[in-house]
Every structure is written in C-alpha cells, then in structure tokens.
Amino acid sequence: MKAKVLFSLLTIAFLMVGCKANYPVAQQSGKEDMAYLVFVGPSDTYGNGSKPVQVDVDGTKFDAKVVKPKTANRKGTQYGVATGRRSITVQFNGQTVYQKQLFLSSQETKIINLP
C-alpha cells in the first residue's frame with residue numbers, strides 16, 4: 001500500500017514539473033560598448049580635483065578631475081571613451097605627465113595613476 005501511495009505522489013510530482021508553463025525570459029539589452037577612465041594622483045599636486053588635467057584620447061581633448069587614490073573607486077569621476085586600442089596623453093601645466101597606448105575592453109574601468 002505504501003508503495004502505491006509513494007508511486008502516486010512521484011507521478012503527480014513529475015506531471016507537475018512536466019506541465020510547467022513557459023514564462024517569457026527577461027531579456028537584457030547588451031551592455032554599452034564603452035570603457036571608462038579614472039585619473040588618480042596626489043592631492044598636493046593636483047589639488048584633489050580643483051586643478052584639472054588636460055587629456056587627449058586619439059585627438060579628442062577634454063579636461064579631467066584628478067582624485068586621491070583612496071577615493072578613486074567611490075568618488076572618482078569616470079570618463080567614457082570608445083573601446084579598442086587608444087593613445088592617451090595627459091598634460092598638467094603644459095607638461096606631459098602620462099603618455100601610453102592602452103587597449104580598453106567594453107565596460108572596463110581603467111585607473112590611470114599620475115605621478
């Protein structure tokens with residue numbers, strides 16, 4: 001008798017699993033094809049963001065704030081750039097303080113440490 005009850009319960013359980021309705025799968029749109037730059041340097045040199053640096057990314061120029069290393073992950077201003085191989089030059093007071101070619105992946109945040 002116990003075997004019949006157990007068999008009936010298992011059969012009902014398998015039928016319930018087999019009759020599961022197909023719910024629509026939530027579709028996630030693709031991530032934006034951008035990489036991000038954060039500029040980090042000593043606050044005594046760059047004034048903790050009050051003295052911006054001039055950044056040149058493949059001919060596109062903009063001013064950027066420099067943050068202390070301790071606050072880079074929480075309060076650092078991120079600047080979006082296109083992915084791929086990029087030539088980055090950072091100038092401060094007319095002098096080049098950083099120049100490098102970087103490969104930036106999608107959704108990557110690259111922290112650039114300035115002297």
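**Close-up views of a predicted model**

**View 1. Overall fold.** The protein has three helices and eight strands. Helices (H or I, at least four residues) and strands (E, at least two) are DSSP runs, numbered from the N terminus. Along the sequence they follow the pattern α-β-α-β-β-β-α-β-β-β-β. This is a predicted model, in which local features need pLDDT of at least 70, side-chain atom pairs count only at pLDDT 80 or more, and totals for chains, interfaces and linings use all residues. Residues are numbered from 1 along each chain as its sequence is written, and side-chain values use heavy atoms, with hydrogens and water left out.

**View 2. Surface and contacts of the protein.** The accessible surface comes to about 8,500 Å² (Shrake-Rupley method, 1.4 Å probe; for residues, only the protein chains shown count as cover). Carbon and sulfur atoms hold 54% of that surface. Of the 115 residues, 27% count as buried (under 20% relative accessible area; exposed is over 50%, partly exposed in between; 1.4 Å probe, protein chains only). Among contacts between residues at least 6 apart in sequence, 61% join residues at least 24 apart. Contact means heavy atoms within 4.5 Å.

**View 3. The four-stranded open sheet.** The strand order is S3-S2-S6-S7, with antiparallel pairing (two strands pair if DSSP finds at least two bridges between them). Strands S3 (60-64) and S7 (95-104) stand at the edges with a single partner strand each, so one side of each is left without a neighbour in the sheet. From one strand to the next, the twist averages 20°. Axes are lines fitted to C-alpha atoms, for helices over the stretch in contact; angles run from 0 to 180 degrees between N-to-C directions.

**View 4. The S2-S3 pair.** Strand S2 (residues 53-57) pairs with S3 in the antiparallel sense over five bridges. Asp 56 stands opposite Lys 61 in S3.

**View 5. Thr 89 in strand S6.** Strand S6 spans residues 84-92 and includes Thr 89. Thr 89 is buried, with a relative accessible area of 15%. Leaving out residues up to four places away in sequence, Thr 89 touches Gln 54, Val 55, Asp 56, Thr 96, Tyr 98 and Gln 99.

**View 6. The largest nonpolar core.** A nonpolar core is a set of buried Ala, Val, Leu, Ile, Met, Phe, Trp, Tyr and Cys residues joined through side-chain atoms within 4.5 Å. Of the 19 residues in the largest one, Phe 39, Val 53, Ile 88 and Leu 114 touch the most other members. Strands S1 (34-40), S2, S5 (79-82), S6 and S7 each supply at least two residues of this core. Beyond four places in sequence, the residues that Val 53 touches include Tyr 46, Phe 62, Val 90 and Leu 114.
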